[in-house]
Amino acid sequence: MKKVTVPEQSLGEKVVKHAAAIRVAMKESVYPLTATVFYPRERKKMPDNFRGYLMFDPDKCISCWECAFVCPANAIQMKEAPNKRYYPTVDYGKCIFCHFCVDSCSGGALKTTKIHDVAYKDMGEMLTLTEEMIEEPEIIREDKKLVEYEIDEQDLHLKRTREVDTLFVEVTPPVEIPMVSQCIEPGSCLGCRICEEMCESGAISSIIERQVIKMAIDRDKCTGCGLCVKECSMQILRLVRK
Amino acid sequence: MIDINTVITGLGIEGNQVSVPLIQQMLDLLPEIPMIKLLISFILWKPFFAALICPGFATLGILLLFFPWIERKLCGRIQWRVGPHEIVWWLGGIIQLLADSLRFLFQEVIVHKDAHRPYFLQFPFLTFIPALLPLLFIPAGNIVAIETPYAIQIILAVICLFPLFILGLGWASNSRFAFIGTVREAFMYFAYEVPFIIAVLGMIILYGTSDPVGIANKQSIWGIILNPVAALTFFIAAAMATSRMPFEIAEADQELAAGPHVEYSGIAFGLIYVLCYEKAYVLAGLMTILFLGGGSGPEIAGLGDLSGVIWFLLKTLIVLTTLFVLRTIYPRYRLDQGLSIGWGAMLSLSLIALALSIALAQVGVI
């Protein structure tokens with residue numbers, strides 16, 4: 001059996017190590033490094049892609065439901081807006097701030113902010129409606145300084161600058177690959193017209209011709225959201241490049 | 001009508017005054033006001049000044065307000081933390097203990113069912129006797145309350161009484177954590193006491209006197225340079241005696257939840273909390289006298305006798321700060337390690353120190 005023992009050290013080594021400890025203590029007591037950010041009065045500098053509070057731009061939203069589908073915590077629910085389109089709402093009681101929704105948003109309608117300190121009075125309030133996500137939330141700013149962590153070869157330093165960070169980042173929208181829905185096997189179409197009902201932009205239309213329903217996709221109106229592709233019962237619709 | 005001058009002469013406080021040239025002119029004007037001359041003469045009477053102001057009650061009281069703050073702030077800085085901060089944050093939380101003591105004052109003192117009630121409530125106050133008595137014999141410069149050629153021995157004897165009161169605290173608590181802490185305290189007491197006494201004894205042999213003022217005057221070369229082994233032994237013993245970090249065996253916050261005083265709350269806990277700082281102050285004062293030349297130092301112009309007081313306080317604070325810093329760089333020893341250090345390394349060191357002192361005394365260095 002291997003026994004764990006105290007490492008053998010000579011008296012000289014012990015004295016050297018004690019002296020090193022005392023030297024470190026003296027150095028730190030005179031010129032201490034610190035890792036503390038005095039939060040309400042100072043704010044740590046967050047990166048631009050910080051996963052914080054979500055903002056929403058309805059003009060860019062194509063109502064593809066991708067955010068709601070991808071959300072692992074099931075925090076995003078789509079709600080119908082007065083203009084008959086579906087927009088996301090976020091329940092921050094469930095949200096785990098993984099920001100899959102931001103990554104999956106093809107139009108760049110959901111975007112992140114550097115806000116990480118949000119307070120609610122009750123659980124019901126945590127369900128953030130679409131209207132509340134459009135406008136910037138009200139923030140009481142007490143911070144006068146911006147703190148940046150700098151790690152050199154061995155130590156961590158705090159760099160303090162007298163400036164106020166903007167919490168709302170302008171993210172360049174992702175390069176959009178224009179996609180369009182296309183029927184690859186029109187012969188297998190049942191004519192159930194689910195795709196027509198699903199389509200938010202009214203790109204899919206149906207004509208009854210000799211008691212046979214024929215579907216048509218308007219390539220100009222199609223936003224490439226892929227809802228019809230998901231819902232097609234025969235799975236004959238595909239998203240292709242425009 | 002009593003003649004004040006007769007009273008002052010009658011009490012024998014005329015010739016034994018703290019002289020401060022800077023404010024002497026102001027003091028000379030004051031006797032115009034009745035009774036003030038008696039009052040001022042009484043306050044500046046050296047024994048009274050020593051007992052009441054420095055190094056006695058007032059200085060201790062003010063320093064006690066700042067010791068925990070100094071310790072916490074310094075340890076915080078060394079460990080990359082901030083320490084006390086939110087109370088008066090622009091001064092770095094300097095009145096933290098004032099706020100804490102206010103809280104202690106208004107908190108309920110819970111005496112639990114199993115405790116031995118009279119002792120449980122008496123001991124926090126009784127413990128002040130060994131903590132405050134040595135201050136009567138410690139001189140700041142040439143100001144001392146009671147002058148006796150056996151002062152060092154008396155200080156030692158009173159300091160050695162201290163753990164008995166801690167044992168009393170733990171015993172009266174009648175709880176298992178307090179009991180374990182008490183027994184550990186008793187073990188450590190025996191471990192440090194013998195080397196501690198031998199180290200001090202060595203210094204008394206070296207100086208050939210045990211009058212603290214005489215010892216301070218004899219140190220043309222500081223004791224720490226003459227006999228560094230004794231200084232090291234004394235310092236480690238002081239760390240053990242005040243339950244500083246490497247030897248915080250009796251209190252052991254993490255395992256015993258404060259050891260002998262686990263059951264105390266409210267102002268009783270507040271009193272015990274400052275006790276170890278008082279003990280540290282007394283031991284640091286003793287170390288200043290024995291090894292750092294007492295109140296000797298360059299004369300500060302215009303301050304007269306107060307110059308020695310300032311040097312004494314400065315040296316004491318440096319010793320205390322060194323004691324406080326130990327907390328940041330050392331983990332805690334186990335009980336058996338602490339005992340083996342006390343009975344092994346430190347006893348040998350103290351004997352070496354004793355031999356060195358005798359040799360130096362024979363050569364006639366002092």
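Q: Why are helix 13 of chain B and helix 15 of chain B called roughly antiparallel to each other?
A: This is a predicted model. In it, the axes of helix 13 (residues 228-241) and helix 15 (residues 266-291) of chain B cross at roughly 175°. Angles over 145 degrees count as roughly antiparallel. The two helices of chain B are therefore roughly antiparallel to each other.

Q: How do you know that helix 13 of chain B meets helix 15 of chain B?
A: The axes come within 10 Å. Residues of the two helices also meet: Ala231(B), Phe234(B), Phe235(B), Ala238(B) and Ala241(B) are on the helix 13 side. On the helix 15 side are Lys279(B), Leu283(B), Met287(B), Leu290(B) and Phe291(B). By class, this contact has 9 nonpolar, no polar and 1 charged residues.

Q: Why is Pro55(B) called buried?
A: Pro55(B) has 30 C-beta neighbours inside 10 Å. A residue is buried if 20 or more other C-beta atoms lie within 10 Å of its own. Pro55(B) therefore counts as buried.

Q: Where is Pro55(B), and which residues is Pro55(B) in contact with, leaving aside its neighbours within four places in sequence?
A: Pro55(B) is found in the loop between helix 4 (46-52) and helix 5 of chain B. Its contacts, with those sequence neighbours left aside, are Ala50(B), Leu135(B), Ile138(B), Ala140(B), Gly285(B) and Phe312(B). Thr316(B) is 261 residues away along the chain, yet the C-alpha atoms of Pro55(B) and Thr316(B) are separated by 10 Å.

Q: What makes Trp80(B) partly exposed?
A: Trp80(B) has 14 other C-beta atoms within 10 Å.

Q: Why does Phe97(A) count as partly exposed?
A: Phe97(A) has 14 C-beta neighbours inside 10 Å. Phe97(A) is in the loop between strand 4 (86-91) and helix 3 (100-104) of chain A. Its phi is positive, about 55°, although Phe97(A) is not a glycine.

Q: Chain A is divided into which domains, and how many residues are in contact between them?
A: Chain A is divided into domain 1 (46-138) and domain 2 (179-241). In contact are 6 residues of domain 1 and 5 residues of domain 2. The touching side of domain 1 has 4 nonpolar, 1 polar and 1 charged residues. The C-alpha centres of the two domains lie 29 Å apart.

Q: How many residues of chain A are in contact with chain B?
A: There are 10 residues of chain A in contact with 9 residues of chain B. By class, the chain A side has 6 nonpolar, 3 polar and 1 charged residues.

Definitions and conventions:
Residues are numbered from 1 along each chain as its sequence is written. Chains are lettered from A and ligands numbered from 1 in the order in which they are written. This is a predicted model: local features need pLDDT of at least 70, side-chain atom pairs count only at pLDDT 80 or more; totals for chains, interfaces and linings use all residues. Axes are lines fitted to C-alpha atoms, for helices over the stretch in contact, and angles run from 0 to 180 degrees between N-to-C directions. Angles under 35 degrees count as roughly parallel, over 145 as roughly antiparallel, 65 to 115 as roughly perpendicular and the rest as oblique. Two residues are in contact if their C-beta atoms, placed from the backbone, lie within 7 Å. Ala, Val, Leu, Ile, Met, Phe, Trp, Tyr, Cys and Pro count as nonpolar, Asp, Glu, Lys and Arg as charged, and the others, Gly among them, as polar. A residue is buried if 20 or more other C-beta atoms lie within 10 Å of its own, exposed if 12 or fewer, and partly exposed in between; C-beta atoms are placed from the backbone. Domain bounds come from an automatic or database domain assignment.
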